[in-house]
Amino acid sequence: MQVEQDLLLKGIKVFLVHFLLSLTAVQCEWSVTYSSTHVCGLKGASVVLPCTYQYSYGDTYLGGEWYEEKSGRVIKHSHSNYPDCSLNIDTLSDGDSGVDQFRFYTVLHLKWMTSKPGITLSVTDLTVEEAAAHKQHQTEVTCSTSVGL
C-alpha cells in the first residue's frame, strides 16, 4: 500500500512539474500583427489601420491602446472584437500623420506588448490641376496626391 501511495505521489509531482513548465511556456505566446505597415489617406476622409493581436489561452486582457509616439496621441481600445485591433480614423487631418502602434497588457504581462515599427500613416491633400484649351472649349482636370508608397 505504501509503495502504491509513493508511486501516486511521484506521478502527481511529475505531472505538476510538467504542467507548471507548460504554463511558463504559454505565457510567452502573444503577438501584434499589422497586415499593412504603410497607409495613406486623403485629408478629411476616413482610414483603417489594420491590426490583429493574440495572447495566451488562460490569460486575461486588461487594456490596450493605439499610441503615436511623435505626438503622444493615445486612442483607447475596446476588447470587444478580439482579435481585431484595427483602428478607424474619421476625418483625417495633418496631425494624424505619423507612426502608430497598437499595444496591450494582460494579467500575465503587466508591461505593454507591441510590435514595431507599427503603421506609418500619411495624410495628403488632393491636388487639382486645370488646363484649359480655349479654342476647343474643353477643360482637362487632373487629380493627384503627394503620397508615394
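Biologist: Which side chains meet in a salt bridge at 2.6 Å, N to O?

Modeller: Arginine 73 and aspartate 100 do. Before going on, note the ground rules. This is a predicted model, where local features need pLDDT of at least 70 and side-chain atom pairs count only at pLDDT 80 or more, while totals for chains, interfaces and linings use all residues. Residues are numbered from 1 along each chain as its sequence is written, and side-chain values use heavy atoms, with hydrogens and water left out.

Biologist: What counts as a salt bridge, and what is a strand here?

Modeller: The general idea first. Side chains of opposite charge can pair when their charged atoms come close. The rule asks for a side-chain nitrogen of Lys or Arg within 4 Å of a carboxyl oxygen of Asp or Glu. Strands (E, at least two residues) and helices (H or I, at least four) are DSSP runs, numbered from the N terminus.

Biologist: Are arginine 73 and aspartate 100 buried or exposed?

Modeller: Cut-offs come first: buried is under 20% relative accessible area, exposed is over 50%, and partly exposed lies in between (1.4 Å probe, protein chains only). Arginine 73, at 18%, counts as buried. Aspartate 100, at 2%, is buried too. Elsewhere, salt bridges with shared partners join Lys43, Asp94 and Asp125 into one network.

Biologist: How many salt bridges are there?

Modeller: Six, by this rule. One of them joins aspartate 94 to lysine 43 (3.0 Å, N to O). This pair links distant parts of the chain, 51 residues apart: aspartate 94 is in the loop between strand S7 (87–89) and strand S8 (98–106), and lysine 43 is in the loop between S2 and strand S3 (47–49). Aspartate 94 is partly exposed at 49%. Lysine 43 is partly exposed at 35%.

Biologist: Which residue does lysine 76 meet in a salt bridge?

Modeller: Lysine 76 meets glutamate 65, at 3.2 Å, N to O. The two are 11 residues apart, with lysine 76 in strand S6 (residues 73–76) and glutamate 65 in strand S5 (residues 61–68). Lysine 76 is exposed, at 66%. Glutamate 65 is buried, at 4%.

Biologist: How do I read a disulfide, and how many does the structure hold?

Modeller: A disulfide is a covalent bond between the sulfur atoms of two cysteines. The test is a pair of cysteine sulfur atoms within 2.5 Å. The structure holds one. Cysteine 51 is joined to cysteine 85, S to S 1.9 Å. Cysteine 51 lies in the loop between S3 and strand S4 (52–54) and cysteine 85 in the loop between S6 and S7, so the bond ties together parts 34 residues apart in sequence. The S-S torsion is about -70 degrees, so the disulfide is left-handed.

Biologist: Are these two cysteines buried or exposed?

Modeller: Cysteine 51 is buried at 4%. Cysteine 85 is buried at 0%. Cysteine 40, by contrast, is partly exposed at 34%.

Biologist: Which residues form the covered face of S2?

Modeller: Val39 and Gly41 form the covered face. His38, Cys40 and Leu42 form the uncovered one. Leucine 42, in strand S2 (residues 38–42), is partly exposed at 34%.

Biologist: In what sense do S2 and S10 pair?

Modeller: Two strands pair if DSSP finds at least two bridges between them. S2 and strand S10 (residues 119–124) pair in the parallel sense over five bridges. Threonine 124 in S10 is the bridge partner of leucine 42. These two residues are 82 apart in sequence and 5.1 Å apart in space, C-alpha to C-alpha.

Biologist: What is threonine 60 in contact with?

Modeller: Contact means heavy atoms within 4.5 Å. Beyond neighbours within four places in sequence, threonine 60 contacts Tyr55, Thr106 and Val107. Threonine 60 is in the loop between S4 and S5, and is partly exposed at 41%. From threonine 60 to tyrosine 105, 45 residues along the chain, the C-alpha separation is 8.8 Å.

Biologist: Which residues form a nonpolar patch on the surface?

Modeller: Patches take residues with over 30% relative accessible area and no salt bridge; like charges are joined within 9 Å, nonpolar side chains (Val, Leu, Ile, Met, Phe, Trp, Tyr) within 5 Å. Leu62, Val107, Leu108 and Leu110 form the nonpolar patch, with about 380 Å² of accessible area together. Areas come from the Shrake-Rupley method with a 1.4 Å probe; for residues, only the protein chains shown count as cover. Leucine 62 lies in strand S5 and is partly exposed at 42%.
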